Amino acid sequence: MKFETILLVIEVGGTIAFAMSGLLEAIRKRMDIVGVFSVAFVSAFGGGTVRDVLLDRRPLFWIQNQEYVWIVLALALTAPLWLRTVRHRITENAMEFADACGLGLFAISGATIASAAGTPPLVSVLMGAITAVFGGVSRDVLCNEIPKVYQDHRPYTLCAVVGCVVLLGLHALGAAPHVSMIAGICTATGSRLLAVVFGWKLPAWPSLRD
Amino acid sequence: MKFETILLVIEVGGTIAFAMSGLLEAIRKRMDIVGVFSVAFVSAFGGGTVRDVLLDRRPLFWIQNQEYVWIVLALALTAPLWLRTVRHRITENAMEFADACGLGLFAISGATIASAAGTPPLVSVLMGAITAVFGGVSRDVLCNEIPKVYQDHRPYTLCAVVGCVVLLGLHALGAAPHVSMIAGICTATGSRLLAVVFGWKLPAWPSLRD
Amino acid sequence: MKFETILLVIEVGGTIAFAMSGLLEAIRKRMDIVGVFSVAFVSAFGGGTVRDVLLDRRPLFWIQNQEYVWIVLALALTAPLWLRTVRHRITENAMEFADACGLGLFAISGATIASAAGTPPLVSVLMGAITAVFGGVSRDVLCNEIPKVYQDHRPYTLCAVVGCVVLLGLHALGAAPHVSMIAGICTATGSRLLAVVFGWKLPAWPSLRD
């Protein structure tokens with residue numbers, strides 16, 4: 001598979017996963033159709049858009065490939081139809097799984113693009129994390145909450161960071177692009193799923209008051 | 001009238017209308033002069049700035065035409081003078097009217113600019129909606145509230161979308177630019193005013209829990 | 001000293017001061033390591049990043065000079081070590097002092113860069129204020145609070161504005177760059193410190209309801 005094709009598949013998969021997360025969150029908040037679409041849109045495209053603006057890549061991926069926008073629009077408009085069918089099956093577990101897939105896919109796509117743009121490794125890892133996490137951060141800001149990823153003390157962003165380090169490490173060792181990318185995605189998504197299943201917690205941060 | 005002149009008149013009118021909305025909101029929140037100016041500034045320029053950043057248009061319109069900034073600054077600084085005179089006359093209705101005008105003007109300006117930049121129709125409509133709505137969304141985020149346009153179940157963003165569709169439709173049918181733009185503005189602003197007057201509501205979104 | 005060197009020293013100093021402010025705030029909010037680093041990062045780089053995006057300067061200063069990112073990362077990771085030592089000494093006063101230094105340094109750097117990019121004086125002053133204040137505004141938005149600088153009725157942004165006016169005024173009068181920059185920084189930081197020490201208040205804004 002060509003490099004561009006791999007990136008495309010990754011971005012479509014991540015987009016759907018994150019749009020679903022945002023969609024379900026907005027519906028839970030009882031927003032109207034505009035709010036549901038907007039939050040799904042921001043959840044799906046927020047991270048990649050910030051990455052592209054910071055790196056000055058244009059046209060933005062969802063402007064160049066408007067299929068992405070149609071997908072999110074179709075998801076939002078058809079939600080009443082399939083939500084009636086699946087609403088008893090959409091559990092916390094299903095949302096965590098979709099979110100973990102989006103996390104891994106977006107982190108690796110972000111780090112790959114940043115690295116290809118010539119940014120140093122630290123910044124590439126940061127761009128991977130921003131791509132993966134900023135959609136969710138924006139979603140929480142729009143829903144008037146402190147971003148969950150800053151306070152829940154479970155590894156989330158760190159899984160993205162570890163996946164990006166694996167990607168860049170294998171790349172530096174001479175691995176083929178699709179090998180290092182798949183390894184990075186599996187590391188990020190897998191470590192997130194393990195963290196959820198086993199209830200891993202980050203060590204508490206020393207307080208200023210204790 | 002030339003195309004550029006039409007765009008200019010639209011942008012000045014929309015800027016004043018949205019700055020007024022932000023100004024009144026910030027004063028109601030009892031912010032200080034810095035907060036009042038900042039919220040008025042973000043309400044007026046937030047949507048257009050995000051549009052220009054996403055489309056990579058520089059210099060930004062308020063940097064190239066600093067008259068816009070002087071207008072908002074003058075509005076904020078002189079507010080204590082004229083607010084004493086008009087405060088009994090600034091009703092909910094007046095604010096809704098100014099806001100509806102800004103909505104139509106900014107939506108059409110955003111969609112026109114995006115379309116002229118070569119984006120496909122779906123993205124042009126989206127850019128019109130972002131230009132019209134993002135200032136208000138930013139205002140609500142800065143005021144620590146869930147964006148009203150996501151939850152109030154009254155058509156607002158949809159009016160901008162309909163106006164942009166009219167604009168692009170007439171343009172595709174070969175109408176003169178100023179005809180399709182005026183028709184688009186009237187559609188967006190008019191449908192918003194009708195929605196407010198008659199209390200139109202969007203159909204409720206199916207809940208996950210009912 | 002060369003112009004570039006002055007700018008570099010200013011940016012490093014301002015970055016550390018603002019990262020410290022964000023770091024301490026996030027730790028007070030009991031965020032985890034990801035939240036602490038993210039809030040410190042946004043506090044330190046938010047203003048300058050928005051300035052660079054608005055002016056279309058790339059690569060961003062923290063991408064071109066990744067030392068900045070390492071500094072903030074090192075501050076966040078080592079915080080548990082030195083916070084144990086200094087926690088009884090980090091008082092409100094110390095935080096106000098660091099914040100006032102960052103305010104002056106970032107305002108002057110922002111206005112200088114904008115002015116060098118050819119923006120008119122009003123926009124240069126605005127860019128100085130945005131560079132100085134937007135990191136703190138983003139920090140408060142991420143912490144789910146109304147930005148303090150909009151509501152506390154003590155001069156903060158205004159000190160940045162006055163410093164930028166001094167900078168541009170001296171520059172227009174033919175002063176050497178480093179003279180006008182140091183004068184601007186001293187004006188902004190000094191006036192902020194005086195405002196804190198003497199409890200200066202902005203005059204109350206007329207309410208719509210009184």
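Predicted model: local features only at pLDDT ≥ 70, side-chain atom pairs only at ≥ 80, totals over all residues.
**Group meeting: the interface of chains A and C**

Good morning. In this model, 30 residues of chain A touch 36 residues of chain C, counting as contact any heavy atoms within 4.5 Å.

How many salt bridges does the rule find across the interface of chain A and chain C? The count is 1. A salt bridge joins the side chains of A:Asp56 and C:Arg58, with a distance of 3.0 Å from N to O. For those who wish to follow on the screen, please look at A:Asp56 and then at C:Arg58, its partner in the salt bridge.

I turn now to chain A on its own. Its secondary structure comprises 9 helices and 0 strands. Chain A has 210 residues, and 57% of them count as buried. Among the contacts in chain A with a separation of 6 or more, 73% are between residues 24 or more positions apart. As for its surface, chain A exposes about 8,600 Å², with carbon and sulfur atoms supplying 68% of that area.

Next, the annotation. An unreviewed UniProt entry places the feature "transmembrane region" at several spans of chain A, namely residues 6-24, 31-48, 68-85, 97-117, 123-143, 155-173 and 179-200. For residues 179-200 of chain A, the figures are 91% helix and 0% strand, with 28 Å between the end C-alpha atoms.

Finally, the arrangement of the copies. Which rotation superposes chain C on chain B? A rotation of 120 degrees does so, with 0.0 Å of shift along its axis and an RMSD of 0.0 Å. The two copies are therefore related as by a three-fold rotation axis. Do chain C and chain B use the same surfaces or different ones? They use different surfaces, since 13% of the contact residues of chain C recur in chain B. Within chain C, the residue closest to the rotation axis is C:Asn144, whose C-alpha lies 3.9 Å from the axis.

Thank you for your attention.

Methods
Residues numbered from 1 in each chain as written. Chains lettered and ligands numbered in written order. Heavy atoms only, no water. UniProt positions renumbered as here; feature names shortened; annotations may be inferred. Helix = DSSP H or I, 4+ residues; strand = E, 2+ residues; numbered from the N terminus. Buried < 20%, exposed > 50% of the residue type's maximum accessible area, 1.4 Å probe, protein only. Areas by Shrake-Rupley, 256 points an atom, 1.4 Å probe, with all protein chains shown as cover. Least-squares fit on C-alpha atoms with pLDDT ≥ 70 in both. Salt bridge = Lys/Arg side-chain N within 4 Å of Asp/Glu carboxyl O.
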